[in-house]
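Thanks for coming. Please look at the sequence and the model on the screen, and I will go through some local features.

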Amino acid sequence: AFMLKSGIFLQPMTDKRALSLVEFVQLVDWSTPASWQVRTGLVGSLLDNMGRIVMEGQQVIQTIVKAYQLQHVEDGMFGDIEVRKSVKGHKRGLGVDVPHAPTKEDEEIYWTNVRFTEACTHSVRGMGFTCGMWDLLHIMSIGASMPHHRLYGYRCGYQSVTPTQFAETIKRFLQDYFSCDVCKWHFLDMYNNCGHEHCHRLKDELPELSGGDLDTQVARGRQVALWMWEVHNDVNVRLMREAAERQDRNVTEEERLSALFPTLAQCPDCWRNDERTLYDEDVVFDFLQAFYWPKQEQVYEKQFRTVMRRKLGEGNGTHGFVENWLIIVAPVALFAGFIIRKVLENRADHNRKKL
């Protein structure tokens, strides 16, 4: 929310930046937990109003984000305790305050969300932006590793559903919108030099269409989340090393190990050697999913895999299941591309007239 309200228009909205914004919002749509309800809320509003956002500027996006924040005061989606205090005991929605005594479930959801947010903000409003961005990237990479999320994005006609395009979309968005120049430079340097072998590990095709049994497809899809985790750990180690260099000394092995996530205490089975240079992919992914992903979403994932296994057992496979959607998706994708192109062309014409 902070980046949307404050960071999108720090630089002029060029056609390139507009496209990277559209692609990132689409990525948020298909890769975030369904229980967040951003598909029908914030993301839906952003996509529906993208033309106005590009043409009219920051005020439009601030209005959309503020309206969404007010709708989620009671569930603590943004961890904003002070805002909630002013409307406690009321359920807010669609511009109408309806008296509502919070239920026990309301309180559990609220404090879970607050604790998650405060892990980055430490109760200081406006703090924890970089930490929050990393959390979002991990959550999205886990969602991008799940077959039913990829198929949802595919059905919507989005271009970012393959592992390669997921990484490319993240790279373009950080390049155009991330306000930490040093952080951005390091990320782009890593990415452009095939950091952590992403150019070989992440394929530009849906795992569901790449052949092999379901377990192989799942393993291929999980590389997105594991790659993002490796990148984050590498950043932590680099920051630890730079801190030691500022003290004119070398980083110790104990310090390097302390920078790696998870710790041995958190996940003793994640690591395969004492140096923590080798890890078990399945155990690490399961840990990341349990750490970042809502528990109710894991139930949906298990149900989806059961259905897919049944389909494969019946000889139907996933190819037909996915490719049948192509008949529907292709016209939608072409129409969406046409609309975005027209918006950008109209904006360019508008700017030329102003000159």
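How many disulfides does a search of the whole structure find? The search finds 3 disulfides, where a disulfide is a pair of cysteine sulfur atoms within 2.5 Å. Before I go through them, a word on the source. This is a predicted model, so local features need pLDDT of at least 70 and side-chain atom pairs count only at pLDDT 80 or more, while totals for chains, interfaces and linings use all residues. Residues are numbered from 1 along each chain as its sequence is written, and side-chain values use heavy atoms, with hydrogens and water left out.

C180 is joined to C183, with an S to S distance of 2.1 Å. The link of C180 and C183 is right-handed, with 65 degrees about the S-S bond. C180 counts as partly exposed because its relative accessibility is 23%. C183 has a relative accessible area of 29%, so C183 is partly exposed as well.

Next come C194 and C199, which form a disulfide with their sulfur atoms 1.7 Å apart. Is the link of C194 and C199 right-handed or left-handed? The link is left-handed, with -95 degrees about the S-S bond. As for the two ends, C194 is at 16% relative accessibility and therefore counts as buried, whereas C199 is at 43% and counts as partly exposed.

Then there is the disulfide of C267 and C270, whose sulfur atoms are 1.9 Å apart. The torsion about the S-S bond of C267 and C270 is about 85 degrees, so this disulfide is right-handed. C267 is buried because its relative accessible area is 7%. C270 has a relative accessible area of 0%, so C270 is buried too.

One further cysteine, C156, is partly exposed, with a relative accessible area of 23%.

Now to the backbone. Helices (H or I, at least four residues) and strands (E, at least two) are DSSP runs, numbered from the N terminus. Which residues does the loop between α11 and α12 bring up here? E197 is in that loop, with α11 at 181–192 and α12 at 198–201. The phi of E197 is near 60 degrees, a positive value in a residue other than glycine. E197 is partly exposed, because its relative accessibility is 43%.

D248 also has a positive phi, of about 60 degrees, although D248 is not a glycine. You will find D248 in the loop between α13 (214–246) and α14. D248 has a relative accessible area of 72%, so D248 is exposed.

Q247 is placed in the loop between α13 and α14. Q247 is exposed because its relative accessible area is 51%. The side chains of Q247 and R249 are joined by a polar contact of 2.8 Å. A polar contact is a pair of N or O atoms within 3.5 Å; within protein, one must be able to donate a hydrogen and the other to accept it, and residues adjacent in sequence count only if both atoms are side-chain atoms.

Last item. Is the peptide bond from F261 to P262 cis or trans? The bond is cis, with omega near 0 degrees. P262 lies in the loop between α14 (253–258) and α15 (281–292).

Conventions. Buried means under 20% relative accessible area, exposed over 50%, partly exposed in between (1.4 Å probe, protein chains only).
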